[in-house]
Every structure is written in structure tokens, then in C-alpha cells.
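Here is a friendly walk through one protein model, for reading with the structure open beside you.

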Amino acid sequence: MVIQFLLFLAFYAIARRLLLKVRNLPPSPFPTLPVIGHLHLLKKHLHLLKKPLHRSLSQISRWHGPVTLLQFGSRHVLVISSPAAAEECLAKNDVIFANRPRLLAGKHLGYNYTSLAWSPYGNHWRNLRRIASLEILSTNRLLTLLSIRTSEVRSLLRLLAKSGGQSLNMKSAFFELMLNVMMQMIAGKRYYGENVGEVEEARKFREIVTESFRIGGVTNIGDFLPFLRWMGPKGLEEKMMALHKKRDEFMQSLIDESQSSEGDESLEMAAEGGKRKTLIQVLLSLRETEPEYYKDETVKSLMLVLLLGGTDTSVATMEWAMSAMLNHPEILKKAQAEIDEVVGHDRIVNESDLPKLSYLHCIMNETMRMYPVGPLLIPHESAEECCVGGYRVPRGTMLLINLFSIQNNPKYWPDAAKFKPERFEGMEGVRDGYKMMPFGSGRRGCPGENLALRMVGLTLGSLIQCFEWNRISDELIDMTEGTGLSMPKAQPLLAKCRPRSFTSDLLSQA
Ligand code: HEM
């Protein structure tokens, strides 16, 4: 009986392989189970051990090659883990793969697939992207908002200076910094730290943020096995709908407030060289000439994408970078020496120093190589049949580019497991073909790269310049990744700092 069963399995495996060859589909692990497909291979990710998805997929690619086809329930999923195959998807087939799959998060938290990150490729997406790139995240707009970033970073420095060498939760500190920066840009408000105005509004906002990261970061099995969607007394989908309602009402109240105070100069923040508008005010003023492009729903969804997409990613990058430097004090020292030489002790680092801080730039690159906060990018989907690696990829296939696997593969990176910023010496920017692209590439690449690099650079540069940093014990910082959308550290970073001899003078001038 056992022998017959084994023979049957062997026959089935060979027949399946032949069928894949005839249909010219990419290699696929055996077995593909009825209903669930290959989800059984991800059980560690979905259940008990909570292994991050990019790790499980790296293991599958090691067996089946850089172009692998999986079946997640009813969906085809193409997993890519080589620079050449990534280039085929994001350059040669860029338009075909410029769609996003219709996942539940996009439906309930992405305004029914109309938000910038979840919208399918087409006129609506192109229009949002144009608004984001030209009106919100352009170099010019970022320059007008420079003083917000500078003053928020200085406010963090003052807070740290008062810590008296106590253990600090750096993840929370970075989060509060980024959320204050984003909210000041969007609506001219700060909800964390000193001088918080409307206390009840700030509490509501903080609750929304916490829930967004808790619910938005969960892998939803209902995306792949639709019959499970409505199971359980209060499924994830219901929680998403309730969260959406809260977020929408909150953003609407900000728009209403902005509209009712139009012309109220006190809300227009005074800035060097004239008046500086909040991003909501910018979009509402554009509505006067192009009302069809700037409906309330568009403004709300754009602001939410910026607020939530921009925060988590930048925070996680700063936390990984500080953790890596604390485990390599010689790197921290070298970065400090560079800042001392370029900036000196008479003023605090500012954004215009960043292009001259080449070692800091190498540290940021090495952090984003080893710990990319978009380890699988955001899923793409093919709009029509195409060819990748010589294989046929059916229309409607979800694409996962395993950036984590590419950027940590010793085949492309000598000493890949070692944190070695020097490997980037002489490299400009953050891209190295398709073997290093922490912000993605092509049409759906990250529109917030410029803002992110400024914030991460300015924050790290200021922390390194103004303080001596230490781990809270002799043990190395644990660099294990947790699960979640933006590859967070499993354990939040705790660290201690002491102001340097000149810091209090600098902070009193700031
Ligand atoms: C270190 C920080 C950041 C990293 C590493 C990062 C990385 C990424 C990656 C890998 C993608 C997906 C690309 C793809 O699907 O092919 C993405 C998309 C996106 N990012 Fe970022 N990002 C960061 C910060 C930001 C910031 C600050 C903002 C805005 C304020 C932002 C807004 C977006 C948006 C809107 C998308 C979706 C674009 C679209 O679908 O058209 N990101 N980002």
C-alpha cells in the first residue's frame, strides 16, 4: 500500500513537472494542494512561529530558482529573487506589472482601490502620482517645509539631552518625530511631545495611528482563501472597515477646519520669505482651478498615504541604522569624526550638509541594503500575459520582488552578512542597478525617496553629532526582524546617550 502511494506521488510529481514544461510556466514547488495551493509552505509565516514572509520565500527560491511560481489559494504569485529577473519585471515589463492586486487592505483602507498606493495603473493613478510628485513631494515643496523638519529634529535633541543617561525607547522617539513632521506638513499640527495644543484631538490621532499599524500590518489569509473572510465573530475585515471610518472622519475634520478658516492668517504658518501653506491648504487652493481632481476623498486618501506610508518606513530605517551602529562602535566613531570635520562644533548639522557627509550616506545605504523596509516591495500584478526568465507568466499574476533576498545574497554582495558601509564608498545615490533598489524602481517606485533621505540623514546626523551613544548592556542589539509591512525590528531599540561637551550650547542657540 505504502509503495503504491509513493509510486503514485512520484508519477504525479513527474506528470506535473512535464505539464509545467509544456505550458512553459516557471518552476513551482511540489505539491500544490487543492484549495490552499502552496500556503502550507508558509505556515510558519501565517501561524505559530511568525517567520517573516520574505524569509520563507527566500528559502523557496533557493530550491526552485530566482523565478518561481506559487499558488496562494486561488491566486498565482510570481516570486523574483535575482537582479536580472527583477529588471525584466520592472524595466522591460514595467507597464504590464504596474498594477496592484486587489487585496482587502486596498479595498477597506485604500478607499476602494483609489488611493495612490493601491490604485490600478491608469488615468486616476497617473493623476494622483502627478499631484504627489509635483505638489507635495517636489524638491521645491520640501524646501518650503524645511523649517518643520529642522525644528522637529531639534525638539528631539532637546528631549534626549534631558534623558540623563536613562534607557530610551528609540523606536517611539523616531515615531513621534516622524508623525509630528508629517502632521505639521499636512495640517500644521503636532500631536506628540512639548506644546501639544488640542489634547483630545491628539489622543484620537494617536489611537488611529496605533490601530493603523496594528491592523494594516497583519497578513490577511482572507486575501487568498476568500471563504475565510467572514469567519470568526469579528473578522479582520470588519476591523478594517471600522478603522477606515475613524480615519476618514478624522481627515474630513481637518479639511473642514481648513476650509472654515480660509483666509485666517494665523493658520498659515509664518516662514522665511513669506507664507507657508499646509499641504491640505495647497490641495484645496488647487481645487479652485481643477475641482474634479481635488475632491475631498482624493485629498483625504493622499494625506493618509503620506502619513502612514512615509512614517513607518523612515522610522524603521532610522532604528535599524542606529542599532547597526551601536553594534559597531567603530562605525559610529568614524561617522562622528566626519561630522566634526565637515560641520564642526559651532552649529548643528543641517540638511544642506548631507551631500558632504559621504560616510553617513554609506551607512544609510548599507542599512537599506541589509534591512530594506520594503523587503518584498508592495505587491504588483500583471495586466496581461508576459515573459519573465523565458517563462510564460499568466495575466493577473501577483508579483513579489524579494528585495531582501537580492540585497543579502552573497552571490551579488561579498561578505553579504557583514555591516560594511565602506562597500558603498564612491557610489552616488541609493541605486545600484537592480541589485540595490530600496525605494523600488520604475513607474510604481517610491515617490517619497527625497523626503525620506532628508529626514533619515538629518536625524541620524544630528544624533551622532550631539551625543555619545551606548547600548544598555554589554550584549549586542538583537537584529532579528519581526513581522509587519515595513520589516520592523522584532525588539524595539533601547539605547542610552550622553550629550557631548558642546551640545548644550548648541541646543540653547537652536
Ligand atoms: C526610508 C524610507 C522609505 C522607503 C525605504 C520606501 C520604500 C518604498 C518601496 C520599496 C515602495 C514600493 C515600490 C514598488 O511597489 O515597486 C514604496 C512605495 C511608496 N512609497 Fe515609499 N519608502 C520610504 C518612504 C516614503 C515616504 C517618506 C513617503 C511619502 C511621504 C512614501 C510614499 C510612498 C508611496 C505613496 C508609495 C506607493 C507608490 C505607488 O504605488 O505609486 N515612501 N516606497
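Which of the 25 residues around the ligand come nearest?

## The shell around the ligand

The nearest are G310, G374, G440, C446 and G448. A residue is near a molecule or strand when its C-beta atom, placed from the backbone, lies within 6 Å of it. Before going further, please keep in mind that this is a predicted model, in which local features need pLDDT of at least 70, side-chain atom pairs count only at pLDDT 80 or more, and totals for chains, interfaces and linings use all residues. Residues are numbered from 1 along each chain as its sequence is written.

Two helices, α13 (296-327) and α17 (449-466), each give at least two residues to the shell around the ligand. Seven shell residues come from α13, the largest share. Sorted by class, the shell holds 14 nonpolar, nine polar and two charged residues. Here Ala, Val, Leu, Ile, Met, Phe, Trp, Tyr, Cys and Pro count as nonpolar, Asp, Glu, Lys and Arg as charged, and the others, Gly among them, as polar.

## The overall picture

The protein has 18 helices and 11 strands. Both are DSSP runs numbered from the N terminus, with helices being H or I of at least four residues and strands E of at least two. Of its 510 residues, 41% are buried. Buried means that 20 or more other C-beta atoms lie within 10 Å of the residue's own, exposed means 12 or fewer, and partly exposed is in between, with C-beta atoms placed from the backbone.

Among contacts between residues at least 6 apart in sequence, 73% join residues at least 24 apart. A contact is a pair of residues whose C-beta atoms, placed from the backbone, lie within 7 Å.

## Where α13 meets α15

How do α13 and helix α15 (residues 358-370) pack, and at what angle? Their axes are 9 Å apart and the angle is about 105°. Axes are lines fitted to C-alpha atoms, for helices over the stretch in contact, and angles run from 0 to 180 degrees between N-to-C directions. The two helices, α13 and α15, are therefore roughly perpendicular to each other. That label covers 65 to 115 degrees, while angles under 35 count as roughly parallel, over 145 as roughly antiparallel and the rest as oblique.

On the α13 side, T317, W320, A321, A324 and M325 take part, and they meet I363, M364, T367 and M368 of α15. The residues of this contact divide into seven nonpolar, two polar and no charged.

Helix α11 (residues 236-260) has 25 residues and should span 36 Å at 1.5 Å a residue, which agrees with the 36 Å between its end C-alpha atoms. The expected span is 1.5 Å times one less than the number of residues. Buried in α11 are L236, M240, R247, M251, L254 and S258.

One of these, S258, is touched by T278, as are I186, A187 and G188, not counting residues up to four places away in sequence. T278 lies in the loop between β5 (274-276) and α12 (279-287), and with 23 C-beta neighbours inside 10 Å it counts as buried. T278 and I136 are 142 residues apart in sequence, yet 9.9 Å apart in space, C-alpha to C-alpha. In α12, the buried residues are L279, I280, Q281 and L283, and they pack against α6 (123-136), α9 (170-187), α11 and α13.

## Loops worth a look

In the loop between α1 (2-23) and α2 (43-46) you will find P31, and the peptide bond from F30 to P31 is cis, with omega near 0°. V35 is in the loop between α1 and α2 and has a positive phi of about 70° although it is not a glycine. Is V35 buried or exposed? V35 is exposed, with 9 other C-beta atoms within 10 Å.

L377, in the loop between α15 and β6 (380-381), has a positive phi near 50° and is a residue other than glycine. With 24 C-beta neighbours inside 10 Å, L377 counts as buried. M437, in the loop between α16 (403-407) and α17, is buried, with 26 other C-beta atoms within 10 Å. M437 touches L403 and R431, not counting residues up to four places away in sequence.

How values were computed. Contact = placed C-beta atoms within 7 Å.
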